[in-house]
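Subject: Structure handover

Hello,

Here is the structure I promised to pass on. Please open it first, then read my notes below.

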Amino acid sequence: MDIQPAFMERALELASQGGRAVMPNPMVGAVIAHNNIIIGEGFHQVYGGPHAEVRALREVENRELLSGATLYVTLEPCSHVGKTPPCADALIASGLKRVVVGCKDPNPKVSGSGIQKLRDAGISVIEGVKERECVMLNRRFILFHKLKRPYVILKWAETADGFIARPDGSSKWISGEFSRRTTHRWRANEMSILVGANTARIDNPELTVRHVEGTNPLRIVIDRELTIPRAHALFSKESETWVFNSRREGSEGRVHYKLLSPASSVPQHILSSLFQAAQISLIVEGGASTLKSFIDAGLWDEARVFQSKKTFGLGIKAPRLDVEGHTSMPSGRDRIEIFQHRALAERLGIGDSSVLRIERDL
């Protein structure tokens, strides 16, 4: 079969348009080509809506061309009934004879069965075309199913002299306006966001996406003794809030109190709870002790650090990561340093630990 990687690249471009709207499902793009001409394409647009393969099939005007066409899809077609019927069944019924798959679906409900179903029906399947790119696009979804926890992004801003906060614990504002808008865009791309009690009390953050269009993430705070005043912005009606604590369980409106388990570490307990709630991604926004707890436990995958030109002279030192490589880019008057955990590539099942392409969704 004559494989054209450019069609998979187009499928990746389409898939990325799904973004937060499809979570906790994966982002998927599909392209149907006949004689190296695209005759249909589509992507998964919203959770519960038609999948990419079905949208691509609907675009094909001359159905007779399908038997001689090739479908390029970024993720293995599903083989089970969920919000929609199985895509593998739709492909078999269409008359397609060739399918090119970017990467396998780690969801136990699929996990190779979609590809096998196609092959059992006589469809030729080629795997692994632009596999690393396809995995990285859906790294949240893939790691969620492989490790049974959300993909964890650490985020903080630090001064030029290496401080994350002033001596009194306050941190507003280290980064510039451009970087703050970027932070809100990142929040809109993830399902949940977490801070510690000190950050919540001192900085009184809203943890919403008010500076951009998008969905507010689930807000999470660690407050063992329930010391944060209920008048704080964290408890507004803009979004749900989970309060992990040592005193009570229960709900008051959109605020949900969750008891910490004495049998597991705080980060592990929180991530297990988020897994059960199908929250596939989490941003940890600090402060220093909260970030350190995730770093020390090894429960992080990616870190995004704004480096400002401001200096404090004194204060609370920013965390340091034991990593070899990272990438960097400008962010207004600041810079963004992007780090990845040493084991990220291994966790995702894509081989060596070289620096991966994380920037696609920055």
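Predicted model: local features only at pLDDT ≥ 70, side-chain atom pairs only at ≥ 80, totals over all residues.

Strand β1 covers residues 29-34 and strand β3 covers residues 70-75. The two run antiparallel, joined by 4 bridges. They belong to an open sheet of 5 strands with mixed pairing. Its order is β2-β1-β3-β4-β5. At the edges are β2 (37-43) and β5 (124-127), each pairing on one side only. On average, neighbouring strands are turned by 20 degrees against each other, direction ignored. Helix α2 (residues 52-59) packs on this sheet. The helix touches β1, β2 and β3, and its direction makes about 140 degrees with that of β2.

**The cores**

Ile-32 and Leu-71 come up again here. The largest nonpolar core has 73 residues. Ile-32, Leu-71 and Leu-348 touch the most other members. Helix α1 (residues 5-16) gives the largest share of this core, 6 residues. A separate core of 29 residues lies apart from it, and includes Ala-165, Trp-242, Val-305 and Ala-318. As background, nonpolar side chains in soluble globular proteins tend to be buried together.

Setting aside neighbours within four places in sequence, Leu-71 is in contact with Ala-30, Val-31, Ile-32, Glu-53, Leu-91, Leu-96, Arg-98, Val-99 and Val-100.

**Gly-102**

Now look at strand β4 (residues 98-103), which holds Gly-102. Is Gly-102 buried or exposed? Its relative accessible area is 0%, so Gly-102 is buried. Beyond residues up to four places away in sequence, Gly-102 touches Met-8, Val-73, Thr-74, Gly-128, Val-129, Glu-131 and Cys-134. For a sense of scale, take Glu-252: 150 residues from Gly-102 in sequence, and 45 Å away in space, C-alpha to C-alpha.

**The largest pocket**

How much space lies in the largest pocket? The value is about 960 Å³. The lining has 43 residues. Closest to the centre are Thr-199, Asp-203, Glu-285, Gly-286 and Gly-287. Several elements give two or more residues to the lining, among them β6 (151-158), α7 (177-189), α8 (197-203) and α10 (288-296).

**Gln-279**

Gln-279 is in the loop between α9 and β13 (281-284). Leaving out residues up to four places away in sequence, Gln-279 touches Phe-144, Pro-150, Met-191, Ser-192, Leu-218 and Leu-274.

Most residues other than glycine have a negative phi, and most peptide bonds are trans.

- Met-23 and Pro-24 are joined by a cis peptide bond, with omega about 10 degrees. Pro-24 is in the loop between α1 and β1.
- Lys-130 is not a glycine, yet has a positive phi of about 55 degrees. Lys-130 is in the loop between β5 and α5 (131-137). With a relative accessible area of 26%, Lys-130 is partly exposed.
- Lys-148 also is not a glycine, and has a positive phi of about 60 degrees. Lys-148 lies in the loop between α6 (139-147) and β6. Lys-148 counts as partly exposed, at 40% relative accessibility.

Best wishes

Technical notes: Residues numbered from 1 in each chain as written. Heavy atoms only, no water. Pairing = 2+ DSSP bridges. Axes fitted to C-alpha atoms, helices over the stretch in contact; angles between N-to-C directions. Contact = heavy atoms within 4.5 Å. Core = buried A, V, L, I, M, F, W, Y, C linked by side-chain atoms within 4.5 Å. Buried < 20%, exposed > 50% of the residue type's maximum accessible area, 1.4 Å probe, protein only. 1 Å grid on protein atoms, 1.4 Å probe; cavity = no way out; pocket = protein on both sides within 12 Å on 5 of 7 lines; lining within 4 Å. Points joined across faces, edges and corners; volume = space filled by probe spheres on them.
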